[in-house]
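Welcome! Take your time and look for each feature as it comes up.

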Amino acid sequence: MPLVDLRSDTLTRPTAGVRAAMAAAEVGDDVYGEDPSVNALEEQVAGLLGHDAAVFVPSGTMGNQICLRLVCPPADELLCGAEDHIVTYEHGGAAQHGGISTRTVDAPRGLLTVGEVEPQLRPAGWGTTPTRAVSVEQTHNRGGGAVHPLPELAALRALTARHGIALHCDGARIWNASVASGTPLAAYGALFDTLSVCLSKGLGAPVGSVVVTDAERAKEARVLRKRLGGGMRQAGILAAAGSYVLDHQLERLEDDHRRAREIGEAVGAERVETNIVPLDLTGTGYDGPQLAAAARERGVLLSVVGPRRVRLVTSLEVDDAGARTAADVVAGLLGR
Ligand SMILES: Cc1ncc(COP(=O)(O)O)c(C=O)c1O
């Protein structure tokens with residue numbers, strides 16, 4: 001039975017166009033700063049997000065780890081949402097690599113706003129661990145692909161600026177937010193001191209993320225990247241894939257969003273904003289693992305994200321027929 005795989009948009013395999021771009025890439029030694037394809041990608045991504053500089057890194061996790069160190073000194077405090085990737089899936093990296101004290105705040109659908117953050121800020125001089133940085137996630141993965149509205153982010157920027165606190169964005173799926181909301185990438189970018197953006201999720205590059213920031217911090221980011229073992233040599237092979245997907249596979253994210261909405265309607269998901277269909281199984285007779293196993297038997301793979309929560313993620317790997325199959329199978333199991 002053919003499988004329809006909706007576990008994650010990280011499963012996307014390179015298209016023929018991506019492979020051709022990689023094969024044709026001009027390369028040099030990027031640790032020497034001499035890889036033309038890496039340099040071009042860094043310039044392209046910095047420009048898209050309205051910043052001066054960017055640094056190509058192997059993964060979104062490394063991108064976040066580098067950014068957090070750029071904005072928060074050791075032992076000082078980072079505030080972030082309780083469901084954020086940086087505190088859920090990065091295995092304590094902020095503490096291990098940066099010595100950072102992280103404090104989490106509950107936020108509906110993962111979206112931190114001024115309402116949650118302001119009462120929690122602890123400025124230097126209070127005798128408490130000083131808050132130095134706030135981190136948000138766009139779109140929010142465990143929040144079901146929720147989009148942070150621009151006005152709320154702008155209000156967070158104003159708040160953090162007033163307190164002299166840095167603002168970081170885990171923008172692994174910032175592309176989806178931009179396509180779904182019609183907000184230019186640079187409008188988001190302007191609000192943050194640092195961003196980590198991923199090329200290897202819905203965009204479909206096989207590997208790679210980019211740290212976006214100012215020129216001074218970018219210099220430090222290159223040192224931190226090297227220290228973490230992320231200095232890559234002929235990395236232009238990968239960077240060329242990144243440039244290709246930005247040029248050719250960004251706007252098609254709208255197709256993923258449409259398919260996710262269609263699946264969401266069929267299975268009775270609460271709210272679908274981008275390419276993630278979050279599904280609460282409370283009252284259905286299934287827990288997450290049971291539904292995942294039953295769907296797998298019928299050729300559909302989905303992810304368990306909590307005892308009674310699963311998600312279905314659309315991507316390049318899921319066409320219209322696959323989305324229909326997934327919708328029919330899951331709706332059928334749930335009797336919807
Ligand atoms: C929101 C978010 N941030 C960061 C990452 C980390 O990316 P990587 O898997 O490339 O380390 C992911 C991965 O899925 C993610 O969903």
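In which loop is T139 found? T139 lies in the loop between strand 5 and helix 7 (150-162). Please keep in mind that this is a predicted model.

- The bond between Q138 and T139 is a cis peptide bond, with omega at about -15°.

- Seven strands make up an open sheet with mixed pairing, and their order is 2-8-7-6-5-3-4.
- Strand 2 (53-57) and strand 4 (101-105) are at the edges; each has a single partner strand, so one side of each has no neighbour in the sheet.
- From one strand to the next, the twist averages 20°.
- As a general point, strands of a sheet pair through backbone hydrogen bonds, and the pairing can be parallel or antiparallel.
- Strand 5 (residues 131-137) and strand 6 (residues 166-171) run parallel and are joined by five bridges.
- To find one of these pairings, look for S135, whose bridge partner in strand 6 is H168.

**Helices packed on the sheet**
- Helix 3 (residues 60-71) packs on the sheet and touches strand 2, strand 3 (77-81), strand 5, strand 6, strand 7 (194-198) and strand 8 (209-213).
- The direction of helix 3 makes about 180° with that of strand 7.
- Helix 8 (residues 174-181) also packs on the sheet, where it touches strand 6 and strand 7.
- Between the directions of helix 8 and strand 7 the angle is about 90°.

- Is L68 buried or exposed? Its relative accessibility is 1%, so L68 counts as buried.
- L68 belongs to helix 3.
- Leaving aside residues up to four places away in sequence, L68 touches L78, I86, A94, I100 and H168.
- L68 and V211 are 143 residues apart along the chain, while their C-alpha atoms are separated by 11 Å.

**A pair of helices**
- In general, two packed helices are described by the angle between their axes and the distance between the axes.
- For helix 13 (residues 288-297) and helix 14 (residues 320-334), the axes come within 10 Å and cross at roughly 130°.
- That angle makes helix 13 oblique to helix 14, and their crossing is right-handed.
- Which residues meet here? L291, A294 and A295 in helix 13 meet V329, V330, L333 and L334 in helix 14.
- Sorted by class, this contact of helix 13 with helix 14 has seven nonpolar residues, no polar ones and no charged ones.

- Strand 11 (residues 303-306) and strand 12 (residues 309-313) run antiparallel, joined by three bridges.

**Two residues with positive phi**
- A75 is not a glycine, and its phi is positive, near 75°.
- You can find A75 in the loop between helix 3 and strand 3; with 47% relative accessibility, A75 counts as partly exposed.
- H91, which is not a glycine, has a positive phi of about 55°.
- H91 sits in the loop between helix 4 (85-88) and helix 5 (93-98).
- How does H91 count by accessibility, buried or exposed? At 79% relative accessibility, H91 counts as exposed.

Methods
Residues are numbered from 1 along each chain as its sequence is written. This is a predicted model: local features need pLDDT of at least 70, side-chain atom pairs count only at pLDDT 80 or more; totals for chains, interfaces and linings use all residues. Side-chain values use heavy atoms; hydrogens and water are left out. Two strands pair if DSSP finds at least two bridges between them. Helices (H or I, at least four residues) and strands (E, at least two) are DSSP runs, numbered from the N terminus. Axes are lines fitted to C-alpha atoms, for helices over the stretch in contact, and angles run from 0 to 180 degrees between N-to-C directions. Contact means heavy atoms within 4.5 Å. Angles under 35 degrees count as roughly parallel, over 145 as roughly antiparallel, 65 to 115 as roughly perpendicular and the rest as oblique. A crossing is left-handed if the near helix is turned anticlockwise from the far one by less than a right angle, and right-handed if clockwise. Ala, Val, Leu, Ile, Met, Phe, Trp, Tyr, Cys and Pro count as nonpolar, Asp, Glu, Lys and Arg as charged, and the others, Gly among them, as polar. Buried means under 20% relative accessible area, exposed over 50%, partly exposed in between (1.4 Å probe, protein chains only).
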